[in-house]
Amino acid sequence: MHEKNAHHNLLLSWAEFVGVGWALLGVIRMYIESVILPAMSQSSCTKRFYIYRGDLEHRSAPGNKYHKLKHHMNAAIKQRYQAVATFGGPHSNHVDAFVNKVVELGLLPIVVVRGEVHAQLTPTLQSAASNGAILFPSQRLDYRKGLASDVRNTVDQFYDDVYWVPEGGGGGLGVLGCKDWADTIMSRVTDTDMICVASGTGTTAEGFAACEKVHHLAVFSALKGADQIVVRPIKPHLQTLLEFDECYHGGFGKMSDELLAFLKKMYELNPNLQLDPIYTGKMLYQVDQFVRQGCWEYGNTLFIHSGGLQGWRGMPAYYYPYHE
Ligand SMILES: *Cc1c(COP(=O)(O)O)cnc(C)c1O
């Protein structure tokens, strides 16, 4: 039996439970909580799971998004740009966080949207537009060229001074911000046998892999296919690097009945924790499968909650698992 919300074998002492870091806008609290996976009720499971609640950081850019944008935003301000542009899909967590942050800094957000911008905007694009973002549609083929795309040229012709953030807030500055994040989290953590991060562009995973205190890292890609290997080159401090692709639910952005059932069960077991449908939900699902199959050999596992809850707005209502 597992008691709800019991904190066994805490990775950090109670005194450290609320690690305090000061940010310009206030206090950032660090939360690590224990998580109960459905598979743990099955047999005599001795594994322990914890989650770093990145979703509770930075209301306007939760999870990894603030960290990926941080150095880009500093660069844009320092170099006195008036407008900041990026690329993203119509439901993108990155776009949501990007627009919020750029507006907070008093700059103009420009978003190149993958595919046409439909008359009926997605909820993510609706909030972007009502926050004052300029949306540029793009054809998928051109979109893929990223900073070398025609649509980028078009934007640069319309606006004089545009700072470009690569898709998903990636690039060297994105990795650096994620490394800072990993350094902060890992300075508070002892006794973990495996750190688990969800991955899209791989920027966050690369940042974690670059943190010297991370010795064992498992990366769960939200994309299907074996070519999603992300972390290169492998650093000497990294003793274990596991990489998994999205092999259960049909690929990026796809929901399945199994995933929905899992998320509902997770919510029953962990009523204070919500997961997102694209990244963290699928990561925990996969680890739950490994535990069921008896092939998760790590004693203390720490999941990084990378946020993304706004992504639920892009899902049909019948997939929403968090009704009372
Ligand atoms: C964007 C996002 C990711 C992927 O981050 P990358 O740095 O692109 O790999 C993971 N989890 C969540 C919740 C996200 O929103």
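Biologist: Before we look at anything else, is Asp191 buried, exposed or partly exposed, and why?

Modeller: This is a predicted model, and burial is read here by counting the C-beta atoms around a residue, with 20 or more within 10 Å making it buried and 12 or fewer making it exposed. Asp191 is partly exposed because 13 other C-beta atoms lie within 10 Å. Asp191 sits in the loop between helix H7 (171-186) and S9, and its phi is near 65°, a positive value in a residue other than glycine.

Biologist: How should I read a positive phi, and where is Arg80, which has one near 60°?

Modeller: The general idea is that most residues other than glycine have a negative phi. Arg80 has a positive value, near 60°, although it is not a glycine, and it is placed in the loop between H2 and S5. Arg80 counts as exposed, since it has 8 C-beta neighbours inside 10 Å. A positive phi, near 70°, is also found at Gly294, which follows H10.

Biologist: What does the chain look like as a whole, in terms of helices, strands and burial?

Modeller: The secondary structure comes to 10 helices and 12 strands, and of the 324 residues in the protein chain 44% count as buried. Among contacts with a separation of 6 or more, residues 24 or more positions apart account for 70%.

Biologist: How do I read the two faces of a strand, and which residues of S4 are on each side?

Modeller: In a regular strand the side chains alternate between the two faces of the sheet. In S4, Arg48, Tyr50 and Tyr52 are on one side and Phe49 and Ile51 on the other, and both faces are covered, with all of these residues buried.

Biologist: Which strand pairs with S4 in the parallel sense, and which is joined to it running antiparallel?

Modeller: S4 and S12 pair in the parallel sense over five bridges, and in this pairing Ile51 has Phe303 of S12 as its bridge partner. Strand S3 (residues 32-35), by contrast, is joined to S4 by four bridges and runs antiparallel to it, with Ile32 partnered by Tyr52 of S4. Elsewhere, strand S5 (residues 83-88) runs parallel to S6, and six bridges join them. Val84 stands opposite Pro109 in S6, and strand S6 (residues 108-114) is itself mostly covered, with six of its seven residues buried.

Biologist: Which residues come closest to the ligand, and what classes make up the shell around it?

Modeller: The ligand is surrounded by 20 residues, of which the closest are Gly200, Thr201, Tyr279, Ser306 and Gly308. By class, the shell has three nonpolar, 15 polar and two charged residues. Helix H3 (93-104), strand S9 (194-199) and helix H8 (203-210) each supply at least two residues of this shell, and H8 gives the most, with three.

Biologist: How should I treat annotations taken from a record, and what does UniProt place at Lys65?

Modeller: An unreviewed UniProt entry places the feature "modified residue: N6-(pyridoxal phosphate)lysine" at Lys65, and in the model Lys65 is found in helix H2 (residues 65-78). Lys65 is buried, because 31 other C-beta atoms lie within 10 Å. Leaving aside neighbours within four places in sequence, Lys65 is in contact with Asn93, His94, Ala97, Gly169 and Gly307.

Biologist: Where does Ser92 lie, and is Ser92 buried or exposed?

Modeller: Ser92 lies in the loop between S5 and H3, and it counts as buried because it has 28 C-beta neighbours inside 10 Å. The unreviewed UniProt entry gives the annotation "active site" at Ser92.

Conventions:
Residues numbered from 1 in each chain as written. Predicted model: local features only at pLDDT ≥ 70, side-chain atom pairs only at ≥ 80, totals over all residues. Near = placed C-beta within 6 Å. Nonpolar A, V, L, I, M, F, W, Y, C, P; charged D, E, K, R; others polar. UniProt positions renumbered as here; feature names shortened; annotations may be inferred. Contact = placed C-beta atoms within 7 Å. Pairing = 2+ DSSP bridges.
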